[in-house]
Amino acid sequence: MSTQAKTVDESRVETVHIVRPNHLNGANRLFGGILMQWIDEVAGIVAKRHAMGNVTTASVDNLTFLHGAYQNDLVVIRGKMTWVGTTSMEVCVDTYVEHPGGERHRINNAHFMMVALDKDDQPVKVPRLILQTEDEHLAWAHAEERRKIRIQRKKDKLDGI
């Protein structure tokens, strides 16, 4: 597996889904579990593109449902790399409903920690991330803050808190 540095754009992903009747919950909105599957797949593809190999989801942070989606809505899911460590990566996934005129409004946001794996399912080094824009630098800084919180949360769990 190569560890040559990559840009955010090299692994960016966008998918589009139509909300169908079998995607609805009892309130006739998109079932959250279906959306979670779709966004996990996008996060996995982003991470796989960046790592150029197998990956696994280690954790999901800040999964925030802002608004619902309904039958026949176009759901656009956009994923991008925001931070990389030695073997782990943070992927930000934003979900939108796209209206007929092309206008989008965000309905969900999540941050995934992904880990690159070798053929024996052991963590393996990932390429560095090349930050090219002010927004990418800001996303990295926010990811660093989330990482500190994750580390503290893990420590608290180990300490029985």
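Modeller: Happy to! There is 1 cavity of 30 Å³ or more in the structure, where a cavity is a set of points on a 1 Å grid over the protein atoms alone in which a 1.4 Å probe fits but cannot get out. This is a predicted model, in which local features need pLDDT of at least 70 and side-chain atom pairs pLDDT 80 or more, while totals for chains, interfaces and linings use all residues. Residues are numbered from 1 along each chain as its sequence is written, and side-chain values use heavy atoms, without hydrogens and water.

The largest cavity holds about 30 Å³ of space (the volume filled by probe spheres set on grid points, which are joined across faces, edges and corners). Around it sit Val 8, Lys 80, Met 81, Thr 82, Leu 131, Asp 135, Glu 136 and Ala 139, counted as lining because each has an atom within 4 Å of a point. Strand E4 and helix H2 (134-158) each contribute at least two residues to this lining; strands (E, at least two residues) and helices (H or I, at least four) are DSSP runs numbered from the N terminus. By class, the cavity lining has 4 nonpolar, 1 polar and 3 charged residues (Ala, Val, Leu, Ile, Met, Phe, Trp, Tyr, Cys and Pro are nonpolar, Asp, Glu, Lys and Arg charged, the others, Gly included, polar).

Now to the pockets, which are open sets with protein on both sides within 12 Å along at least five of seven lines. The second largest pocket, at about 160 Å³, is lined by Lys 80, Thr 82, Cys 92, His 111, Asp 135, Leu 138, Ala 139, His 142 and Arg 146. Here too E4 and H2 each give at least two residues, and H2 gives the most, with 5. The classes come out as 3 nonpolar, 3 polar and 3 charged.

The largest pocket has a volume of about 290 Å³. Its lining consists of Ala 58, Ser 59, Asp 61, Trp 83, Ser 88, Met 113, Val 115, Arg 147, Arg 150, Ile 151, Arg 153 and Lys 154. Strands E3 and E6 and helix H2 each provide two or more of those residues, with the largest share, 5 residues, coming from H2. The lining divides into 5 nonpolar, 2 polar and 5 charged residues.

E6 deserves a look of its own. Strand E3 (residues 54-65) runs antiparallel to E6 and is joined to it by 9 bridges; strands pair if DSSP finds at least two bridges between them. Across that pairing, Thr 57 stands opposite Met 114. E6 also pairs with E5 (residues 88-98), again antiparallel, over 11 bridges, and there Val 91 faces Phe 112. E5 and E6 make a hairpin with 5 residues between them, and Gly 102 in its turn has a positive phi of about 95°.

Finally, consider two residues elsewhere in the chain. Thr 7, in strand E1 (residues 6-7), counts as buried because its relative accessible area is 13%. Asn 72, in the loop between E3 and E4 (74-84), counts as exposed because its value is 57%. Beyond four places in sequence, Thr 7 touches Leu 129, Ile 130 and Gln 132 (contact means heavy atoms within 4.5 Å), while Asn 72 is in contact with Ile 18 and Val 19.

Notes. Buried means under 20% relative accessible area, exposed over 50%, partly exposed in between (1.4 Å probe, protein chains only).
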